[in-house]
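Thanks for taking a look at this one with me. My notes follow the picture below, as a few numbered points.

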Amino acid sequence: MIRGVIRIIGAVGLWKNRMWGFAIPVINCVIALAMMMTLLPFGVMDGTLAGAALILMFWQYFGKREIGG
C-alpha cells in the first residue's frame with residue numbers, strides 16, 4: 001500500500017512537470033525491478049510494468065538528445 005501511495009505521488013509530480021515527480025517514480029521502478037523475483041508470481045508482472053514505465057519516462061526525459069553533442 002505504501003508503494004502504491006508513492007506511485008500516486010510520483011504520478012502527480014510528473015503530471016505537474018516537476019523534477020521530483022521524475023525522480024520518485026524512477027527510484028520506485030528500480031526498486032520494483034530489483035525485488036521482482038522475490039515477490040513471485042505478482043512480482044513478474046510488476047517488474048514488467050515497472051520496466052515499461054521506466055523506459056517511457058526515460059524516453060520522455062531524454063527525447064531527441066544526442067550522445068556527444
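1. Is Ile-9 buried, partly exposed or exposed? Ile-9 is partly exposed, its relative accessible area being 40% (buried means under 20%, exposed over 50%, partly exposed in between, with a 1.4 Å probe and protein chains only). Ile-9 sits in helix H1, residues 2-15 (helices are DSSP runs of H or I with at least four residues, numbered from the N terminus).

2. A word on the source: this is a predicted model, in which local features need pLDDT of at least 70 and side-chain atom pairs count only at pLDDT 80 or more, while totals for chains, interfaces and linings use all residues. Residues are numbered from 1 along each chain as its sequence is written, and side-chain values use heavy atoms, with hydrogens and water left out.

3. Ile-9 also belongs to a nonpolar surface patch with Met-1, Val-5 and Trp-20, and together they have about 470 Å² of accessible area. Such patches take residues with over 30% relative accessible area and no salt bridge, joining nonpolar side chains (Val, Leu, Ile, Met, Phe, Trp, Tyr) within 5 Å and like charges within 9 Å. Areas come from the Shrake-Rupley method with a 1.4 Å probe, and for residues only the protein chains shown count as cover.

4. Now to helix H3, residues 42-62: its 21 residues reach 30 Å from first C-alpha to last, close to the 30 Å expected at 1.5 Å a residue (1.5 Å times one less than the number of residues). Gly-43, Asp-46, Gly-47, Ala-50, Gly-51, Leu-54 and Met-57 are buried in H3. They lie on the same side of H3, because their arc around the axis is only 135° (taken from the directions from the helix axis to the C-beta atoms).

5. That buried set packs against H1 and helix H2 (20-35), with contact meaning heavy atoms within 4.5 Å. The face turned away carries exposed residues, including Leu-49, Ile-55 and Trp-59. After H3 comes Gly-63, with a positive phi near 55°.

6. Please look at the salt bridges too (a side-chain nitrogen of Lys or Arg within 4 Å of a carboxyl oxygen of Asp or Glu); the count is two. Asp-46 pairs with Arg-3, the closest N and O atoms being 3.4 Å apart, and this pair links H3 to H1 across 43 residues. Asp-46 is buried at 18% relative accessible area.

7. Arg-7 meets Asp-46 as well, at 3.0 Å from N to O. Arg-7 lies in H1 and Asp-46 in H3, so this pair ties together parts 39 residues apart in sequence. Shared partners join Arg-3, Arg-7 and Asp-46 into one network.

Note on methods:
Helices (H or I, at least four residues) and strands (E, at least two) are DSSP runs, numbered from the N terminus.
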